[in-house]
Amino acid sequence: MTEFLLGASAFILLMVAVGLLRVLRGPADIDRVMAAQLLGTGGIAALLLLGVATALPGAVDVALTLALLAAFAAVMFVQSGGPGGGSS
Amino acid sequence: MMLVGNIATVVLVSLGAVFFLAGTVGLLRFPDSMTRLHALTKADNLGLGLVVLGLLPQVDSVPGALKLVAVWVLTQLAGATVTQLVARAVWRGGGRS
Amino acid sequence: MTPATLYGLCSAVLVGAGLYGALVNPQPLRKILALNLLGSGTFLLFGVIARRGAAAGLGGDPVPQAMVITGIVVAFSATALAVALLLRVYQETGRTTLEQPAPKDVV
Amino acid sequence: MSLAVLADAALVLLVLGLALWINAASRAFPAVVGYVAFGLLLALAWLRLSAGDVAMTEAAVGSGVTGAVLIAASVRLRAAETEAPPLAAAPPALPLRLLALLLSGLVTAALAGLVLWTTGPAPSLADQAVQHLPGLGMGNAVTGVLIAYRALDTLLEKVVLLLALMGIWSLAKDRYWGGIPGPSRIQPTNGALILLARLLPPIGIVVAVYILWVGAAEPGGAFQGGAILAAMWLLVMLAGLRDAPAISRPWVRLCVTVGPAAFIAVGLTGFALPNGFLSYPDSIAKPLIIAVESVLTLSIAVILGLLVAGPPEQEP
């Protein structure tokens, strides 16, 4: 079971990492924010899998912290006027 | 009982992983910001939801299980709000180049 | 290769990448980012040393780990101050550099 | 454990790829998004190095709060990115770039050599740290080091935070001194965001207290809890539910100084009782530490929030 959970964790991490190509390609900054959002959710999933698989102390609490801050970056971007321009 | 739990874990976590795969493919392949947002929310909701559901049989304490569910609920809240904000920004034309 | 060695090599590359970016990139904000990379690499090296010092039933030596926590918070305060300075310079002069313009550039 | 090695290798490659992107991106904002992702992956790496406390700090401070500062700055500096000299600095000439590359390569090679050649177990203070934990009523050695054995470092770090805050405040224009931090809001608020800013902070406060409390025995503690509180406060400000407080308010001044002050006060009483500055009497060590940590958490939260909010840009 441990091996399966570790494998699933690595798979999800790689998947959302591929999604980071959106950060490279854009075209608009809002697309990059979306890619970061997906990485955040995937990172939380990978963290939970890793934590349950290897019984790391604190893994679920780190996931809890990340979940609380999940919207923070995107909210900061939108509320500081980010989407108003800046596509390259 | 253990076996049933393990099977449930394998099935649900695998399903969740598939949703993350779908989310990534959608984010990369869909043509504009609105449709990409659509792909993103599926991975957010169902991907993480299924992974959490699948992990529940592996957790042996009730507080531990509740914490997992709390992580999912909080991510939902964040995801829903970000989707709203992004969609509104795209709608106002900020998302198009 | 143990995981600790792997992350150790990762930290070495991070330090190099951060140093290069801080030296070469002309934009101040990018320099701040690069310095943060450099810092993260240094912290990670501390983490590797802590991991190799695992003893007494702990996964790592708690002393370097505690130092890294302090370091992360100090790195944040330095970043916040640097960003505030940069924004103020930009607000005041409309420029993002302190270099004096060469006489021929002055219009 | 082959899969674990594979996961480690994948994580390292991702971290390095993002580091390259942060340096190579043509504009600042994509680089900053890369940095936020980088911080998240680094938190995973810290967990793999059995450093749960550091992972939590990296997630909350290294990626979360730092990311917020950088995102806001990159948006405000967007117009400056297309500027050429004399408004912006020019990139260095090719020979200089090559020289910088050589230097960075040498540093990397030296560090990598160090990592590869010293394979044996490193000297460790873990035994000494664990030895005295029961006397403090603690199970988490990292918190023990932060609050007890190396308390002076932690105290000085609070002072650094305070100095940074004073540095940022002093950047205010004269007429805004004592005023409200941050630019006046131009963005319309949004129903969904307001809902989030009403729902999340109560949960966040509970989680922050839990993280602080559990920090005595498991990963967690004052920094992590304080950073979560700061993020919740900032969320309320960003949603427009509350303005940032004018920095001349007495309660603001009190909050930012009470943590370090309490720390110093407890430290000085150490002279009167057992062994000197910053030592705790064994019998009341635990309640004392919890009291100091709670006050510190409050101070950290307010200072971090105000550091993100920036210098005053509105009149009081």
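Helix α1(B) has 28 residues and reaches 40 Å from its first C-alpha to its last, close to the 40 Å expected at 1.5 Å a residue. The expected span is 1.5 Å times one less than the number of residues. Helices here are DSSP runs of H or I with at least four residues, strands are runs of E with at least two, and both are numbered from the N terminus. The model is predicted: local features need pLDDT of at least 70, side-chain atom pairs count only at pLDDT 80 or more, and totals for chains, interfaces and linings use all residues. Residues are numbered from 1 along each chain as its sequence is written, and chains are lettered from A and ligands numbered from 1 in the order in which they are written.

The buried residues of α1(B) include V13(B), F19(B), F20(B) and L27(B). A residue is buried if 20 or more other C-beta atoms, placed from the backbone, lie within 10 Å of its own. The cover over these buried residues includes α1, α2 (21–25) and α3 of chain A, together with α2 of chain B.

Within chain A, the axes of α1 (residues 2–19) and α3 (residues 29–54) come within 8 Å and cross at roughly 170 degrees. Axes are lines fitted to C-alpha atoms, for helices over the stretch in contact, with angles from 0 to 180 degrees between N-to-C directions. α1(A) and α3(A) are therefore roughly antiparallel, a term for angles over 145 degrees. Residues of α1(A) that meet α3(A) include L5(A), I12(A) and V16(A), and on α3(A) they include L38(A), G42(A) and L49(A). This contact has 16 nonpolar, 4 polar and no charged residues.

Two residues are in contact if their C-beta atoms, placed from the backbone, lie within 7 Å. Ala, Val, Leu, Ile, Met, Phe, Trp, Tyr, Cys and Pro count as nonpolar, Asp, Glu, Lys and Arg as charged, and the others, Gly among them, as polar. The table lists two interfaces between chains.

Chain C has 3 helices and 0 strands. Buried residues make up 65% of its 107 residues.

Terms used. Parallel < 35°, antiparallel > 145°, perpendicular 65-115°, else oblique. Buried ≥ 20, exposed ≤ 12 C-beta atoms within 10 Å, placed from the backbone.
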